[in-house]
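Good morning, and thank you for the time. I would like to take you through one structure, chain by chain, and I ask that you keep the display in view as I speak.

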Amino acid sequence: MTGAAAKIAAKVSLRGASKRFETKKGLLEALLPTTLDIADGEFLVFVGPSGCGKSTLLNLIAGLEEPSEGEILVDGKHITAPGYDRMMLFQEHALFPWLNVLHNIEFGLKRKKNLNRAERREVARYYLSLVRLEKFENSYIHELSGGMRQRVALARALAPNPTILLMDEPFGALDALTRDELYGYLQEIWQKTKKTIIFVTHNVREAACLGDRVCVFSNRPGKIKSVFQIKLPRIRYINDPAVSAEGARVLTELKTEVFETQEKPNEKAVNHDRILSLIGHTMGDGI
Amino acid sequence: MVFDRLNELIADHSLPVGICCSLKRLCLGYAMTLAVGFTLGILLGWSNWLRESVGTLLMGFQSLPSVAWVPLATIWFGLSETAIYFVIVMSSVGAVAMSVSDGIHGVNPLYLRAARTMGVTDVGMVTRVVLPAAFPSIITGLKLGWTFGWHGVVAAEMMQALPGLGFLLHMGRELGDMSQVLGIMFVVIAIGFLVERLFFGAVERRIRERWGLKTK
């Protein structure tokens, strides 16, 4: 499901959006002016080394921060603050420990004035069943595993029915098996609900598995270096050789970026033999 | 002997009256402490520089035992109920304010970010996110405040002529009646223990249930 060329008006439009932070060490350029159009219903992935500004860009689209320059348009309108239409998922689940699972999902629904209590409950239950955790509606967060918590976080983000889902390395803290399972869930839910998803990761295979388009970021200060189209059929599995091949394409691009611009250690200045003579070759060397 | 004396005091109504008066004063005084303590705590929690200046002062306050407030209370308010309320509030407000402030300061900023993406208003942020998130820390201070308040009531009543447990304790001393002294001490301890177990204990258990073993 690409749709990028088919739609005329972009869902999200970045026009020269950049972000600078004032720190004690002076002005930090986190994101260089970026221009990008994101289509409705597209699954877009941002990939890049740590600190390259991809999470900053996500925060700008979410409305949690304002761009230093340029503008961000959603459905043709300027955004100034977080809103229902853009919900965000974080690496740490950010679920509230003082509420049970169902109340957590209902949390974002309180603002919808047209729903009464019973209706909120119904909506929450529906999304809970979508992530297949109906049996846990009265459990508290500490009783769930990492993967389950992220599924609940997904249900919470989906419940207010946003058109855009922003996901900031949501599977980063999970083990490989759980991640595999969640890739399937996420694609299923995306196909069912047809949301626009903007996903940030540093894992290239994950990017190739999930994204219609993958944007590779450069090192800090960040900007989008290249964009890959992944034209594989859905639903994709992480162990599919075709996915690996696409991931390898992206990785090559990423590697040149990371290694080219990284500082190389000064080989002459480090005398490994001398260090070894100081600390000994093994632990038992008479220290 | 102690129990006989206690029975006598119950019979002539001075013990029940004493308990009621002391508890009533503590409840009212504690309510005042909560009002002042929460307001102060929220202000300190939000503002870093306030917390560093006024907060440190408040910490110093806590090193003053409840009894030490009695002379000041007597000078300012004489032998009156007001003096007793003054002692209660001054001994307990520090603990409440500090725990509210620390609790608020310690809230994981991730909760605030998540809440903002769900469109929570500023007031809603405080009531629906910050205070519940800070509650495990706050409850510790609430319990401490209650204990200090209880100390304060008994201490203040000892200097007054108004009915109360402190007064009965004082009378016991005046009359050289050890059974009365020990009996009242037992009552004071028993009430403190009961409130802590039944009320605060239940609240803390509920928190453990919800939050898991990560309660502060």
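This is a predicted model: local features need pLDDT of at least 70, side-chain atom pairs count only at pLDDT 80 or more; totals for chains, interfaces and linings use all residues.

Let me begin with a term: two strands are said to pair if DSSP finds at least two bridges between them. With that in hand, please look at chain A, where four strands form an open sheet in the order E2-E1-E4-E5, with antiparallel pairing. Strand E2 (26-38) and strand E5 (77-78) of chain A stand at the edges with a single partner strand each, so one side of each has no neighbour in the sheet. Within this sheet, strand E1 (residues 12-23) and strand E4 (residues 69-74) of chain A run antiparallel and are joined by five bridges. To place one of these pairings on the display, find A:Ser13, whose bridge partner in E4(A) is A:Leu73.

The predictor gives the complex an ipTM of 0.79 and a pTM of 0.80. Chain A averages a pLDDT of 84, and 90% of its residues score at least 70. One stretch calls for caution: over residues 1-7 of chain A the pLDDT stays under 50, and the model has 13 contacts beyond four places in sequence for that stretch.

Turning to chain A in general, there are eight helices and ten strands. Of its 287 residues, 41% count as buried. Among contacts between residues at least 6 apart in sequence, 72% join residues at least 24 apart.

How many of its five residues are buried? Four of the five are, and E9(A) is thus described as mostly covered. Strand E3 (residues 43-47) of chain A pairs with E9(A) in the parallel sense over four bridges, and here A:Leu44 has A:Arg213 as its bridge partner in E9(A). E9(A) also runs antiparallel to strand E10 (residues 224-229) of chain A, and five bridges join the two. In that pairing, the partner of A:Phe217 in E10(A) is A:Ile224. A hairpin of six residues links E9(A) to E10(A).

Next, a helix of chain A. Helix H3 (residues 117-130) has 14 residues and reaches 20 Å from its first C-alpha to its last, close to the 20 Å expected at 1.5 Å a residue. Which residues of H3(A) are buried? They are A:Arg120, A:Ala124, A:Tyr127 and A:Leu128. Seen down the axis of H3(A), these buried residues fall within an arc of 105°, so they line one face of the helix. The buried residues of H3(A) pack against helix H2 (101-106) and helix H4 (146-158) of chain A. On the face turned away from the buried side, H3(A) carries the exposed residues A:Ala118, A:Glu119 and A:Glu122. After H3(A) comes A:Arg132, whose phi is positive, near 60°.

We come now to the contact between the chains. It takes 18 residues from chain A and 14 residues from chain B. The side of chain A that touches chain B divides into 13 nonpolar, three polar and two charged residues.

Finally, chain B. It has nine helices and zero strands, and its C-alpha trace spans about 65 × 40 × 25 Å along its principal axes. Buried residues make up 39% of the 216 residues in chain B. Residues 24 or more positions apart account for 74% of the contacts in chain B with a separation of 6 or more. The mean pLDDT of chain B is 86, and 98% of its residues reach 70 or more. Confidence in chain B is lowest in helix H1 (residues 2-11), at a mean of 74, and highest in helix H5 (residues 81-105), at 90.

B:Gly166 is found in helix H8 (residues 165-174) of chain B. Is B:Gly166 buried or exposed? B:Gly166 is buried, because 26 other C-beta atoms lie within 10 Å, and the cut-off for a buried residue is 20 or more. Leaving aside residues up to four places away in sequence, B:Gly166 touches B:Val153, B:Val154, B:Ala155, B:Ala156, B:Glu157 and B:Met158. From B:Gly166 to B:Ala190 there are 24 residues in sequence and 15 Å in space, C-alpha to C-alpha.

Note on methods:
Residues are numbered from 1 along each chain as its sequence is written. Chains are lettered from A and ligands numbered from 1 in the order in which they are written. The expected span of a helix is 1.5 Å times one less than its number of residues. A residue is buried if 20 or more other C-beta atoms lie within 10 Å of its own, exposed if 12 or fewer, and partly exposed in between; C-beta atoms are placed from the backbone. The arc is that of the directions from the helix axis to the C-beta atoms. Two residues are in contact if their C-beta atoms, placed from the backbone, lie within 7 Å. Ala, Val, Leu, Ile, Met, Phe, Trp, Tyr, Cys and Pro count as nonpolar, Asp, Glu, Lys and Arg as charged, and the others, Gly among them, as polar. pLDDT is the predictor's confidence in each residue, from 0 to 100.
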